[in-house]
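Please view the sequence and the structure before reading on.

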Amino acid sequence: LPELFECYCQHLLKSNRLDFGALLHFARQLLINHPAVTRILRVGWSHVCVDEFQDTNKAQYDLLRLIVPESNPNLFVVADDDQIIYQWNGASPERLQALQRDYQMNVLQLPENYRCPREIIDLANRLIMHNRLRTQGKQLLTTRRQAGMVQGVIRLNSYQTPEDESAAV
């Protein structure tokens with residue numbers, strides 16, 4: 001696979017094109033092969049904030065590690081391991097664990113949800129309790145919104161085939 005990716009990147013370069021994966025790859029190469037560029041980048045970006053960190057993949061994390069030094073990192077990250085949706089692209093709860101290990105990050109949990117009424121929060125809490133790699137000791141979600149504010153009913157349907165699901169929709 002690495003040989004295939006390298007051939008792919010060479011083809012992209014020859015055709016004067018880059019996709020997102022190649023941008024990450026070549027940015028990483030630039031920062032590794034040219035430490036002066038890395039130093040200049042760190043001076044220009046002395047404070048870094050990453051939102052939705054839970055959806056980063058290894059290539060993105062490797063790039064972050066090059067941009068943000070371990071000593072005095074000035075790094076702020078917003079993430080929730082219960083909301084990882086890009087696992088198909090390499091996102092993983094282990095990335096949050098690596099972040100805490102590599103940068104000795106303090107964790108501040110904000111469990112209060114300001115958007116959803118009680119019914120949705122209760123349903124979400126029942127669902128996320130099944131996350132196998134959930135951070136230990138996480139508080140349950142809470143809300144101040146009153147029950148009964150949801151219009152309609154939440155239903156769960158199961159279909160044998162994609163065609164059956166399509167017909168129902």
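## Basis of the description

On a 1 Å grid over the protein atoms alone, a pocket is an open set of points where a 1.4 Å probe fits, with protein on both sides within 12 Å along at least five of seven lines; its lining residues have an atom within 4 Å of a point. The model is predicted: local features need pLDDT of at least 70 and side-chain atom pairs pLDDT 80 or more, while totals for chains, interfaces and linings use all residues. Residues are numbered from 1 along each chain as its sequence is written, and side-chain values use heavy atoms, with hydrogens and water left out.

## Second largest pocket

Fourteen residues line the second largest pocket, and Phe5, Gly21, Leu24, Asn57 and Ala59 lie nearest its centre. Helices (DSSP runs of H or I, at least four residues) α1 (2-14), α2 and α4 each supply at least two lining residues; α2 gives the largest share, six residues.

## Helix α4

Asn57 and Ala59 also meet at the start of α4, where a side-chain oxygen of Asn57 comes to within 3.1 Å of the backbone nitrogen of Ala59.

Notes
Polar contact = N/O pair within 3.5 Å; in protein donor to acceptor, adjacent residues only side chain to side chain.
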